[in-house]
Amino acid sequence: MTHRSRVCCAAAVALFGMTLQAADKPPDDFVKAMKEAAAFVQEMSKPDAEFNFARTKQYVPIVRDAFAVVERYWLDRNQEGHYFKDIALAEEMIKLASDMGVAANLESPEGIKSSVQELSSRCKVCHDLRREQGPDGFLIKN
Ligand code: HEC
C-alpha cells in the first residue's frame with residue numbers, strides 16, 4: 001500500500017466513524033414532547049393569545065412536562081458530561097413555563113407574551129445543535 005492510499009483509507013474510516021455516531025432515532029415520548037411544544041408555540045403566538053389566561057394555564061404543565069422529557073433524555077446519557085448544555089436548555093424551558101404560569105395567575109398579558117417569546121426563541125438554538133433530518137423523520141444528533 002502506498003503512503004497516499006493509506007492516508008486515504010484512514011480518512012474514509014474517520015468519515016465512516018463520524019456518520020455511525022452521528023444521530024439516533026428519537027424515542028416516542030421525545031417526539032410527542034416536541035409536537036406539544038410546536039402546538040404550544042403555534043397557538044400561543046396568535047394575536048391576543050396572551051389574553052387567554054385559562055388556556056395559558058393549561059399549557060404550563062404541558063410545556064413543563066414536555067421539557068422534563070427532553071431533560072431526562074440527556075440526563076440519562078450524560079455519564080461523560082457531553083450534554084450539560086442541552087440539560088441546561090431544557091431546564092430553562094421548564095423555568096420559563098413556570099414563569100408563564102406566574103404571569104397567567106397575575107393575569108398579566110405582557111408577562112405571558114414575554115414568556116411565550118422567550119420560550120419560542122430557544123427552539124432553534126437546540127435544533128441547530130441537535131436536530132437532524134433523517135431519511136424518514138428527524139433524528140437526535142449525538
Ligand atoms: C434542548 C433541545 C430542544 C429544544 C429546546 C427544543 N427542541 Fe424541538 N427537537 C429537538 C430534537 C433533538 C429534535 C429531533 C428529534 C425529534 O424529532 O423528536 C426536535 C424535533 C422537533 C420537532 C419535530 C418533531 C417530529 O415530528 O419528529 C418539532 C415540531 C419541534 N422539535 C418543535 C420544537 C419547539 C416548538 C420548540 C420550542 C418551544 C423546541 N422544539 C425546542 C430538540 C429540542
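Student: Which residues are closest to the ligand, and how many surround it?
Tutor: The shell has 24 residues, the closest being P26, M34, C123, C126 and F138. A residue belongs to it if its C-beta atom, placed from the backbone, lies within 6 Å of the molecule. This is a predicted model: local features need pLDDT of at least 70, side-chain atom pairs count only at pLDDT 80 or more, and totals for chains, interfaces and linings use all residues. Residues are numbered from 1 along each chain as its sequence is written.

Student: Which element gives the most to the shell around the ligand?
Tutor: That is α2, with seven residues. Helices (H or I, at least four residues) and strands (E, at least two) are DSSP runs, numbered from the N terminus. The chain has six helices and three strands, in the order α-β-α-α-α-α-α-β-β.

Student: How do the residues of the shell around the ligand divide into nonpolar, polar and charged?
Tutor: There are 16 nonpolar, three polar and five charged. Ala, Val, Leu, Ile, Met, Phe, Trp, Tyr, Cys and Pro count as nonpolar, Asp, Glu, Lys and Arg as charged, and the others, Gly among them, as polar.

Student: Why does the span of helix α5 agree with its 13 residues?
Tutor: The expected span is 1.5 Å times one less than the number of residues. For residues 109-121 this gives 18 Å, and the end C-alpha atoms of α5 are 18 Å apart, so the two agree.

Student: Which residues of α5 are buried?
Tutor: I112, S115, V116 and L119 are. Buried means that 20 or more other C-beta atoms lie within 10 Å of the residue's own; 12 or fewer means exposed, and in between is partly exposed, with C-beta atoms placed from the backbone. E110 and S121 are exposed, on the face of α5 turned away from its buried side.

Student: What do the buried residues of α5 pack against?
Tutor: They pack against α2 (28-44), α3 (53-75) and α4 (84-105). Contact requires C-beta atoms, placed from the backbone, within 7 Å.

Student: Which residues of the largest nonpolar core touch the most other members?
Tutor: Of its 21 residues, they are V60, V63, F67, V70, M93, A97 and M100. α4 gives the most to this core, with eight residues. Such a core is a set of buried Ala, Val, Leu, Ile, Met, Phe, Trp, Tyr and Cys residues joined through C-beta atoms within 7 Å. Leaving aside neighbours within four places in sequence, F67 is in contact with A90, M93 and I94.

Methods
Two residues are in contact if their C-beta atoms, placed from the backbone, lie within 7 Å.
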